[in-house]
Amino acid sequence: MTEIVLYGHPDSGHACKVALALSLAEIPHRTVFVDIWAERATRPTDFLAVSPLGEVPVLVIDGTPYFQSGAILMQIAERFGVLGGESAEGTARGRSLLMWEANRIGMCLPQLKQAHVDQFVGWDPAVIKWLEGRYAVDAANFDVLLGDAPFLHGDAPGFGDVQVWGYVQWVREAGQEPTEKMQAWMDRMLALPAMRTPAEFFPA
Ligand SMILES: N[C@@H](CCC(=O)N[C@@H](CS)C(=O)NCC(=O)O)C(=O)O
């Protein structure tokens, strides 16, 4: 039987999205909590051995480590034929959504969330304004990408939805408002039976 281990932390949207993909696809696995706020050198040696950058998430499948959350999602979808990976169209849709998220939402919401955690100490107001401007564009484009469908992949969530969920789940913690369509999509994502809280995905 395939042995799958996911290293992550509840504060990492990148790790949460991989945990959500495994949960949605009902892929048996074990999770390992890694304290990302501790000094890297103090992190578990089995984790440091498989994480080339010392970051979470890392997914290890039968001893082979995969890193970078988007690449891990593609690996899961294509290898197990799930979350859009069952078809060429679903895979193509997921890849496009993944690249969009990584270049856009993944380049404003994580940073804005951290700025709020830091109470803006050390953050240049001009940088915050720039990130907020990026989010405004991304929120409008989210509506375009969702269209009238319940999920970004259509009738059921795919790995593109999971990618976007990673940090949109904390849109308000990042000090931003979701669009109406985004809120409705978030409600549908939260209602999925496979959904868990970050702390449930990665108990300390
Ligand atoms: N681009 C990477 C981002 C990974 C990342 O930034 N991980 C953070 C948590 S969200 C981390 O491990 N931080 C701890 C550290 O860098 O020491 C991905 O998509 O997986």
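Where is leucine 73 found? Leucine 73 is found in helix H3, and the close-up views below come from a predicted model in which local features need pLDDT of at least 70 and side-chain atom pairs count only at pLDDT 80 or more, while totals for chains, interfaces and linings use all residues. Residues are numbered from 1 along each chain as its sequence is written, and side-chain values use heavy atoms, with hydrogens and water left out.

View 1. Helices (H or I, at least four residues) and strands (E, at least two) are DSSP runs, numbered from the N terminus. Leucine 73 counts as buried because its relative accessibility is 1%, where buried means under 20% relative accessible area, exposed over 50% and partly exposed in between (1.4 Å probe, protein chains only). Leaving aside residues up to four places away in sequence, leucine 73 touches Lys17, Val18, Ala21, Leu98, Phe159, Val162 and Gln163, contact meaning heavy atoms within 4.5 Å. The C-alpha atoms of leucine 73 and glycine 160 are separated by 8.7 Å, although these residues lie 87 residues apart along the chain.

**View 2. The packing of helix H3 with helix H4**. The axes of H3 (residues 69–80) and H4 (residues 88–103) come within 11 Å and cross at roughly 170°, which means that H3 is roughly antiparallel to H4. Axes are lines fitted to C-alpha atoms, for helices over the stretch in contact, and angles run from 0 to 180 degrees between N-to-C directions; those under 35 degrees count as roughly parallel, over 145 as roughly antiparallel, 65 to 115 as roughly perpendicular and the rest as oblique. On the H3 side Gly70, Leu73, Met74 and Glu78 take part, meeting Thr91, Arg95, Leu98 and Met99 of H4. By class, this contact has four nonpolar, two polar and two charged residues (Ala, Val, Leu, Ile, Met, Phe, Trp, Tyr, Cys and Pro count as nonpolar, Asp, Glu, Lys and Arg as charged, and the others, Gly among them, as polar).

**View 3. Strand E1 and its two partners**. In strand E1 (residues 4–8), five of its five residues are buried; Ile4, Leu6 and Gly8 point one way from the strand, and Val5 and Tyr7 the other way. E1 pairs with strand E3 (residues 58–61) in the antiparallel sense over four bridges, pairing requiring that DSSP finds at least two bridges between two strands, and isoleucine 4 stands opposite isoleucine 61 in E3. Strand E2 (residues 30–33) runs parallel to E1 and is joined to E1 by four bridges, with leucine 6 opposite threonine 31 and tyrosine 7 opposite valine 32.

**View 4. The open sheet of four strands**. The strands are arranged in the order E2-E1-E3-E4, and the pairing is mixed. E2 and strand E4 (64–67) are the edge strands, each pairing on one side only, and the twist averages 20° from one strand to the next. E3 and E4 pair in the antiparallel sense over four bridges, with leucine 59 opposite tyrosine 66 in E4. Helix H1 packs on the sheet, where H1 touches E1 and E3, and its direction makes about 150° with that of E1.
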